[in-house]
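Hi,

Here is the structure I promised to send over. Have a look at it first, and then read on for what turned up.

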Amino acid sequence: MRLALFYSDLRGIESIYNRITAHELGVFLVSNGIYHAVLKENGKPSPILDKKDATFYILKEDLETRGFSDNEVDKRVKVIAYDDLVDLIMDKYEKLAWL
């Protein structure tokens with residue numbers, strides 16, 4: 001299964017997230033989920049980004065709304081526009097889930 005997972009929270013759902021598996025997993029950091037790509041805790045990046053075989057995306061609009069720029073995003077995360085999001089979920093992923 002090719003799964004697009006929308007991750008919108010900063011805390012509290014890691015146990016569910018860690019149990020999710022898919023043949024191809026795209027993790028879309030949206031709303032407050034964007035903080036996983038730009039903030040560090042105790043000098044370390046978010047463990048959310050350590051998920052093996054996942055492709056990470058962040059919405060440019062959510063990033064800018066919260067006062068961050070592209071150059072502050074962890075290198076493992078691709079910055080995309082809303083149009084790119086629509087193309088990805090329509091063309092690349094079979095199922096959608098929201099955390």
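A definition to start with: the radius of gyration is taken over C-alpha atoms, and the globule rule is 2.2 Å times the number of residues to the power 0.38. For 99 residues, that rule puts a compact globule near 13 Å, and the protein agrees because its own value is 13 Å. Please keep in mind that this is a predicted model. Along its principal axes, the C-alpha trace spans about 35 × 30 × 20 Å.

As for the fold, there are four helices and seven strands, and from the N terminus they follow the order β-α-β-α-β-β-β-α-β-α-β. Among contacts with a separation of 6 or more, 60% join residues 24 or more positions apart. Of the 99 residues, 41% count as buried.

One of the residues I looked at is Val 38, in helix H2. Is Val 38 buried or exposed? Its relative accessibility is 15%, and buried means under 20%, so Val 38 counts as buried. Beyond its neighbours within four places in sequence, Val 38 is in contact with Leu 63, Phe 68, Glu 72 and Val 73.

Then there is the largest pocket, which holds about 250 Å³ of space. Its lining has 14 residues, with Arg 11, His 36, Glu 41, Ser 46 and Pro 47 nearest the centre. Helix H2 (35–38), strand E3 (40–41) and strand E4 (44–45) each give at least two residues to that lining. By type, the lining residues are six nonpolar, three polar and five charged.

Best wishes

Definitions and conventions. Residues numbered from 1 in each chain as written. Predicted model: local features only at pLDDT ≥ 70, side-chain atom pairs only at ≥ 80, totals over all residues. Heavy atoms only, no water. 1 Å grid on protein atoms, 1.4 Å probe; cavity = no way out; pocket = protein on both sides within 12 Å on 5 of 7 lines; lining within 4 Å. Points joined across faces, edges and corners; volume = space filled by probe spheres on them. Nonpolar A, V, L, I, M, F, W, Y, C, P; charged D, E, K, R; others polar. Buried < 20%, exposed > 50% of the residue type's maximum accessible area, 1.4 Å probe, protein only. Contact = heavy atoms within 4.5 Å.
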